[in-house]
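Please open the model in your viewer and keep the sequence panel beside it. The stops below each begin with something to select, followed by what is found there.

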Amino acid sequence: MEKYLRQIPAVDKILQEKAIKELVAQYSREAVVDVIRRANEELRERILNEDIPEDFEVSMVKVVELVIKRAAEWLSPNLKSVINGTGVVIHTNLGRSLLTEEAQKRLVEVAQNYSTLEIDVQTGQRGSRYDHVAELLTYLTGAEDSLVVNNNAGAVLLALSTLAEGEEVIISRGQLVEIGGSFRIPEVMEQSGAQLVEVGATNKTHLRDYEAAITEETGLLLDVHTSNYRIVGFSEQVSLEELVELGAEHDLPVLNDLGSGTLIDFSQYGFSPEPTVQDNVEAGADVITFSGDKLLGGPQAGIIVGKKEYIQQIKENPLNRALRVDKFTLAALEETLRLYLDLETAVEKVPTLRLLTMDSEVLRQRADRLASRLDKLSGLEAEVEQGFSQVGGGAFPNEDLATFLVKVSVDHLTANETGNRLRELDPPLFTRIQDEKIIIDARTIKDEEIDTIFTHFSSLIKEA
C-alpha cells in the first residue's frame, strides 16, 4: 500500500506532461491543478480503501489518463445534446420539445444583439415584454388577453394566488393530479394561499357536488384536465361548459388548467379527442393555463389566456415578476406561435408535431437504413420490428404510436451493459431495453444521427 502511495506523482511533475500542458492552454492552470489534486486524491482513496488487483500500477501515463478523463467530466459542459432513441417524443428528462429552425435562428439573433425586450420602438419609452406574443396568442386562441410565465405550474400558482388567495377553491376529487416532479395540485393550491375544497368521488363528480359546496367563502371554480392519466369505466365528470354556467350563476370565475395544451385538433391524425385551447376559450373559461413546451412544441413556458379583467389582475400580482420569462423564451415562443398561423405549416415545421404525425413508411425506411449499417459490424445483430412510440410529457397517456424499432444485441455484452456504455459516449445515446436487447425507435432519431449510432456500436464492439 505504501509503495503505491509513494508512486503517485507530484502535482508539479504532472503539470510538465505534454497532454496536461494542452489542458492548461485550453482551460487554466488553476483549474487543471484542481483536477490533478482531485485525481491524486481519488487514487489515494482507492489504494487505502479497495482491494488492489495484482496488475494495478500507478504510472505517470495512468495518472495523466485519469486527469484527462476527470477534466473532461468536470470542465466539459454538463448540459449537452443527446441522441434520443427511446421513442418518447416529448421526453421530460431529455429536454422535452425540440425547437423549430425559425426559433433557433431567432435565439441566436437575440443573443448576439440588443433587443426590443421592454421598449416601445415608436415612442422610445418603456414597453411590456409580454406584448411580443400577446397579439399572436389572442388571435390564435380567441381569448381577450394573455400572459406568459416560466412554466405551467407557475401559471397555475400565479392565477390561484391572484384570483383566490385566502378563499376557497372547489375542485373535483378526480382532478387532484400530480403534474410531474412530485408537484401536486393540492400543494400548488396551498402555496398560492387558496383553500382546497374537494367535491365528488375519484371516479364520479356531479354538478350538484359543486353547487352544494359553494359558500360565501368560495372564490373560484377550478377545472384541471387530467392529461397524464385517464379514469375509465364507471366514471363521470362535469363538463367545462356546465362549470362555466354554474360559475356565472354565482359570479365565480372558472380557472381551467389544460396542462399540455394544444392549438390543433389531433383527432384528424388518428389520436383520441383532446380539447384545444380554442375549444375551452369558446366554452367560456375565464382563465386557461397550459404549457408552451409540450404539445405546443415551443420553449418551456406557462401560458395564461382568458378574459381581460382577470388577466390584468394576474399581470399586476407582484409574484408575476418572480415568474416572468426572459428574452430567449419570448423569442422562441413568438417564432413557434407564428408558424401556427397556418396549421399545415405548423405540422410540417414544428418538430413535436412532425414527429407525432410522421408517416409510417418514413419510419420504416429510417429503421431499415440504421439496421443495414449496423449489420455490417461483426459481433452484433440488428433486426427491424414493428412497435410503439409514446407521446410523453403527460399527454395522450393511452395512445400507442405505431413505429419501427431496431433491436440490437452485442456479443459479450448484456443489454444493460450495452445501454450503460452507449450513454457514456459523446453524444450519449439513450435507448430502451426489451427482451435483453437494445431498442432504438426510428421515430425520435434523426437521419443524420445514423452515422453516429453506427460509430458508437463500432467502438463498443472493439472494447468488448
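Begin by selecting strand β8 (residues 287–291), where five of the five residues are buried, so that the strand is largely enclosed by the rest of the structure. Here buried means under 20% relative accessible area, exposed means over 50%, and partly exposed lies in between, with a 1.4 Å probe and protein chains only. Strands (E, at least two residues) and helices (H or I, at least four residues) are DSSP runs, numbered from the N terminus. This is a predicted model, in which local features need pLDDT of at least 70 and side-chain atom pairs count only at pLDDT 80 or more, while totals for chains, interfaces and linings use all residues. Residues are numbered from 1 along each chain as its sequence is written, and side-chain values use heavy atoms, with hydrogens and water left out.

Show the side chains of β8 next. In a regular strand the side chains alternate between the two faces of the sheet. In β8, Val287, Thr289 and Ser291 point one way, whereas Ile288 and Phe290 point the other way, and all are buried.

Now move to Asp293, in the loop between β8 and β9 (302–306), and select Arg96 with it. The side chains of Asp293 and Arg96 meet in a salt bridge at 2.8 Å, N to O, a salt bridge being a side-chain nitrogen of Lys or Arg within 4 Å of a carboxyl oxygen of Asp or Glu. The pair links distant parts of the chain, since Arg96 lies in the loop between β2 (88–90) and α6 (101–112), 197 residues apart from Asp293. Asp293 is buried, with a relative accessible area of 4%, while Arg96, at 22%, counts as partly exposed.

For a second pair, select Asp447 and Arg369, which form a salt bridge with their closest N and O atoms 2.7 Å apart. Asp447 lies in the loop between β14 (437–441) and α20 (450–463) and Arg369 in helix α18 (residues 360–374), so the pair ties together parts that are 78 residues apart in sequence. Both partners are partly exposed, Asp447 at 38% relative accessibility and Arg369 at 37%.

Which strands pair with β14? Strand β11 (residues 401–410) pairs with β14 in the antiparallel sense over four bridges, and Leu405 stands opposite Asp441. Strand β13 (residues 432–434) is also antiparallel to β14, over three bridges, with Arg432 opposite Ile439. β13 and β14 form a hairpin with two residues between them, and Asp435 in the turn has a positive phi of about 50 degrees. Four of the five residues of β14 are buried, so this strand is largely enclosed by the rest of the structure. Asp441 and Arg432 can be selected together, because their side chains meet in a salt bridge at 3.5 Å, N to O, with Asp441 buried at 0% relative accessibility and Arg432 partly exposed at 25%.

Finish with helix α10 (residues 207–213), which contains Glu211, a partly exposed residue with a relative accessible area of 41%.

Notes. Pairing = 2+ DSSP bridges.
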